[in-house]
Amino acid sequence: MAVELNELRDQIDAVDKQILNLLSERLSLVEKVGEVKSEHGLPIYAPDREAAMLASRRAEAERIGVPPQLIEDILRRTMRESYASEKDSGFKCLNPELRSVVVVGGNGQLGGLFGRMFALSGYQVKVLGSQDWDRADEILEGAGLVVVTVPIHLTQGVIEKLGQLPDDCILCDLTSIKSKPLNAMLEAHSGPVVGLHPMFGPDVASLAKQVIVYCNGRGEESYQWLLEQFSIWGASLCEIDAAEHDHGMTLIQALRHFTSFAYGLHLSKENPNIDKLLQLSSPIYRLELAMVGRLFGQDPNLYGDIILSSQENIDMIKRFHTCFGDALRILEGQDKQAFVESFNQVSHWFGEYSQQFMNESQNLLKQANDAIHRG
């Protein structure tokens, strides 16, 4: 039996080596694709091409008896690496006549990411850091685009210092709140203004499939090339009103960050053995614990700024606290019927999204489970 098993394992090892060689060949081809896209100004992410290719490969897999989801999982992971590789080829510059791009806060992580992306696209990039304000006039002189990416609590003060920009200079910010910075930019600068919110962190391998929200301010025709440049980088654009954006972020960011903060605070006071919790956790609970723990591996000032950025956030958290109390009273009353009725009300509110989220989470859980090593 051992001999037979070893022979089969040797054959599997040989097939794995073939797979490695094929993946290497595929990545080489992707590099060439990236060069062609860069030359012709094509986005690195082509959703129609990706969807058609995945559908074709799934059909081929089913025809030869390979689980379709298996080939899709492999290809999606491979494509993620491919998008990162295509980035190294650079991008076509859509506005070669543009004067310098000044990234205010460009020494930070997010500012550094956007600075690199502009540089990869052939623009002249300058950085105005916190230690450079004595040379601000020199750095900002003749700027064609100024990108403000500083901590939220500093954003308005920094924008107010930018009142002497050229009239045709585009002024934008990358802050996670939009109404106050957008109004501050419109007051400080008479030229084109647009509010931006990258819905991702600075650690992304590429901008493929990442969302950049934009809120129109003034002179929309002047910065259309900028939005198109983001698309070439692979980003998906989402236009929204600044006030509507901020209300959405109250739920998506402020409330979620606060509940993670409160849950982590509670865990630290209960002081359980995290290793034991992980051993007892199914993939979904492990993933939930990881999402909470992830928060505490980052800058507390950033999350404090996000949560405290508006009274609306605090009011929303207070309403959540009231709702939490209402739910707790159901438990204290041992009222299972009330619990079921409330549960069904929420289920009805989610509607078809419940099944959609079930399917999406199942895929995430499979990947999370694959990454776990249990000795």
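Predicted model: local features only at pLDDT ≥ 70, side-chain atom pairs only at ≥ 80, totals over all residues.
Is Asp10 buried or exposed?

1. Let's take Asp10 to begin with. Asp10 counts as exposed because its relative accessibility is 52%, and exposed means over 50%. You will find Asp10 in helix H1, which covers residues 2-40. Together with Glu4, Glu7, Asp13 and Asp16, Asp10 forms a negative surface patch.

2. On to the salt bridges, of which the structure holds 10. One of them joins the side chains of Glu50 and Lys209, at 2.9 Å from N to O. Glu50 sits in helix H2 (residues 47-63) and Lys209 in the loop between strand S5 (193-198) and strand S6 (211-218), so this pair ties together parts 159 residues apart in sequence. Glu50 is buried, at 6% relative accessible area, while Lys209 is partly exposed, at 37%.

3. Helix H3 (residues 68-87) is the place to look for Glu72. Arg76 pairs with Glu72 in a salt bridge whose closest N and O atoms are 2.9 Å apart. Both residues lie in helix H3, four residues apart, or about one turn of the helix. Glu72 is buried, with 12% relative accessible area, whereas Arg76 is partly exposed, with 36%. Beyond its neighbours within four places in sequence, Glu72 is in contact with Leu54 and Arg58.

Methods:
Residues numbered from 1 in each chain as written. Heavy atoms only, no water. Patch = residues over 30% accessible without salt bridge, like charges linked within 9 Å, V, L, I, M, F, W, Y side chains within 5 Å. Areas by Shrake-Rupley, 256 points an atom, 1.4 Å probe, with all protein chains shown as cover. Salt bridge = Lys/Arg side-chain N within 4 Å of Asp/Glu carboxyl O. Lys, Arg positive; Asp, Glu negative; His and termini not counted. Charge placed at Lys NZ, Arg CZ, Asp CG, Glu CD. Helix = DSSP H or I, 4+ residues; strand = E, 2+ residues; numbered from the N terminus. Buried < 20%, exposed > 50% of the residue type's maximum accessible area, 1.4 Å probe, protein only. Contact = heavy atoms within 4.5 Å.
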